[in-house]
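Please keep the structure in view while reading.

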Protein chains: 2
Amino acid sequence: MKLTKETNFLIVGLGLIGGSYAMALSKQGYKVRAITTSQKSIDYAIEHNLIEAGTITPDPQLITDSDLIVFALYPHTFVEWMQQYGQYISKGTLITDVTGVKVSIIYKIESLLPEGVEFIAAHPMAGREVYGVENATDEIFKDANYIVTPTERNSPQAIEICEQLGQILGFASVSKLSPEKHDDTIGFLSQLTHCIAISLMTCNDSSNLEKYTGDSFRDLTRIAKINDAMWSELFLLNKNNLIKHMENFETEFGKLKQALQNDDIATIRKIMRKSTERRLKFDK
Amino acid sequence: MKLTKETNFLIVGLGLIGGSYAMALSKQGYKVRAITTSQKSIDYAIEHNLIEAGTITPDPQLITDSDLIVFALYPHTFVEWMQQYGQYISKGTLITDVTGVKVSIIYKIESLLPEGVEFIAAHPMAGREVYGVENATDEIFKDANYIVTPTERNSPQAIEICEQLGQILGFASVSKLSPEKHDDTIGFLSQLTHCIAISLMTCNDSSNLEKYTGDSFRDLTRIAKINDAMWSELFLLNKNNLIKHMENFETEFGKLKQALQNDDIATIRKIMRKSTERRLKFDK
C-alpha cells in the first residue's frame, strides 16, 4: 500500500490539527472524510472543501470503509474512542495519530488494536495559539517538523506510509525517533519551554509593563497563552521526563544565580559563552 | 534649547547603538560628529554618511563645541571617560546615555559633571544579536521603547529635550521612569529573560536536536546568543533587582513542578489560565 488518490482518509477529531490535515490532503485531491463531535465543525469543513463528508457519531460504515485513519484527539479521548469503536476498523487499515506524547499512549493503543490493524504513531510539531477547525490551515506545516515514532511491532511498510503522509502534508522535515527518545526530546524542547514561559508570565505582577516590554519578554512568553486542558494532560503523561528536565534547568539557573551572588564575573561570562556557542547551531 | 538642525551632536562610542543613533540623526539632516576608539569605525561612519567627522582621541575642541553628547559606551567606560575628559564639556551642554542599567551609573556620573553641564539619562530598549557600527541601522528603533530616567536634579527642559531625542530617533514609544523603577522593571523584563534563555540553552546537551526543534525553543533561546562582556557587567550592576526576580521565578517554577509531582491537575490548569490571561495583555 502507498497513499494514492484512491486512498480513503478518515480524520477523527476536526480541531485545529485535524482540520489542517484535512485541508492539506483535500487541496491535493485526496479523499477525506471526518468524524467529530460538532455538527458546526462538519458543516464548516464541508463548506470550505476540507472534507467530502462527515458525521458526528462514529458511523460503523464510514470507519469500515477507511484505509487510513488519523486520530487528532486529546490522548485520553483517543484511548476511549479505540475502546468503544476500534472494533469497526477493517483488517488492513492503518491508523496514525498526532499526539504530543508517545510512550504512555502507543502501547495502550497497540493493546486495543483489532486483528490486522496497524498503528503507526506520529507527532506533527505544529500548532497555533488558536483552536478549532475554523483556524485550520496547512500553512502551519511549512516550517515544521514531523516525527514518526515506530515501535518494534511496526512494519517497514507502515513506517514508509506514515513518512509519505508527512511529506504530503508539506512538513519541512520528516524524521524518526523511538517513542522513548521522542518523549525525552519533547520534554526538553517543548514541554520545558512551556513551563518556563508560564512561570515567567506568572512570577511577577506584570500589569502596566506593556509599554516597557521589548521583543525579548514577548518572545519568551508567546507560548504562555496555553490550552490548559490539553497541555496539563500532555505534561502529566510525560511527567518523569519533564520533571527531570525541569530539575536540570533549575540546577543551571541556580549556578548562574550563585555566580551573580558571588560577583563571579568569570563564571557568568563562561556560561554566557557556552550558551552563545550552542545557540549558534540553531540559527536557521 | 530645543534640538534643531543647528544643534551639534557628538556620539561617544560608535558601536551598534551609537552608530544607529548617528544614522537616524544624520538621515534627518542633523549635524553629527563622533569619538570612538577605532579609525575603521570612523572611516565606515563617514563613508556611509552616519557622521560628518570624527576622531579616535577625545579631541578637546570637538567636545567643547558639542551641544548634546550621547554616550554609547559600556557602563565602566562611560564613568572612566567622564573622569578623564569630562572637564572639556562646555557649560550649557546636555549629556545623555544609552546604558541598560541606571541607578549604579546615574549618581556616579552626576558627581562627575562640570559646573553647568546636565546629565539626563535614557535607555533605548533596542538591539540586535550582532555588534559594531557596520551593523548599525535605525530600523531597530521602529518597534522599540525609549525610556527617559530623570532624577531630582534634572530640569524640565532637559527631560523634554531627551524625550524629543527619542521621538527624532523614531522610537515607537517614549516614556519616563525613575532610575529605581527602571532598574527593577528591566531586571524583570530584560535581565531575567536573558538568564532564563541562557540556562535553557546550557541545561541539556542539545547537539543534534536541531531537526526536532520547533519555534517555541527557538523563540525562548534567541537571546541566548549574548555579548558576555556587556551583559555580565549589566547584570552585576543590577544584581539585587535581578536576584530578587530570579528568586520569584524559581518559586513559581517550583510550584508548577510540585503540582506535576503531585498529579495536581487542578493547580496546573489554574497556573496555565493565569498565565494565558496575563499574556493576552501583551499581544500587539
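**Helix packing and the chain contact**

In this predicted model, helix 10 (residues 239-261) of chain B packs against helix 11 (residues 265-280) of chain B at an angle of about 150°, and their axes lie 8 Å apart. The crossing of helix 10 of chain B with helix 11 of chain B is left-handed. Helix 10 of chain B contributes B:Leu256, B:Ala259 and B:Leu260 to the contact, while helix 11 of chain B contributes B:Thr267, B:Ile268 and B:Ile271. By class, these residues comprise five nonpolar, one polar and no charged.

A further pair is found in chain A. The axes of helix 4 (residues 75-85) of chain A and helix 5 (residues 103-110) of chain A come within 10 Å and cross at roughly 5°. Angles under 35 degrees count as roughly parallel, and the two helices of chain A, helix 4 and helix 5, are therefore roughly parallel to each other. On the side of helix 4 of chain A, the contact is made by A:Pro75, A:Phe78, A:Val79 and A:Met82; on the side of helix 5 of chain A, by A:Ile105, A:Lys108 and A:Ile109. This contact has six nonpolar, no polar and one charged residues.

Attention may now turn to the contact between the chains. Chain A and chain B supply 74 residues each. On the side of chain A that touches chain B, several elements supply at least two residues each, among them strand 8 (145-148), strand 9 (173-176), helix 7 (179-202) and helix 11 (265-280) of chain A. The residues on this side of chain A divide into 35 nonpolar, 21 polar and 18 charged.

Terms used:
Residues numbered from 1 in each chain as written. Chains lettered and ligands numbered in written order. Predicted model: local features only at pLDDT ≥ 70, side-chain atom pairs only at ≥ 80, totals over all residues. Axes fitted to C-alpha atoms, helices over the stretch in contact; angles between N-to-C directions. Helix = DSSP H or I, 4+ residues; strand = E, 2+ residues; numbered from the N terminus. Parallel < 35°, antiparallel > 145°, perpendicular 65-115°, else oblique. Contact = placed C-beta atoms within 7 Å. Nonpolar A, V, L, I, M, F, W, Y, C, P; charged D, E, K, R; others polar. Left-handed = near helix turned anticlockwise from the far one by under 90°.
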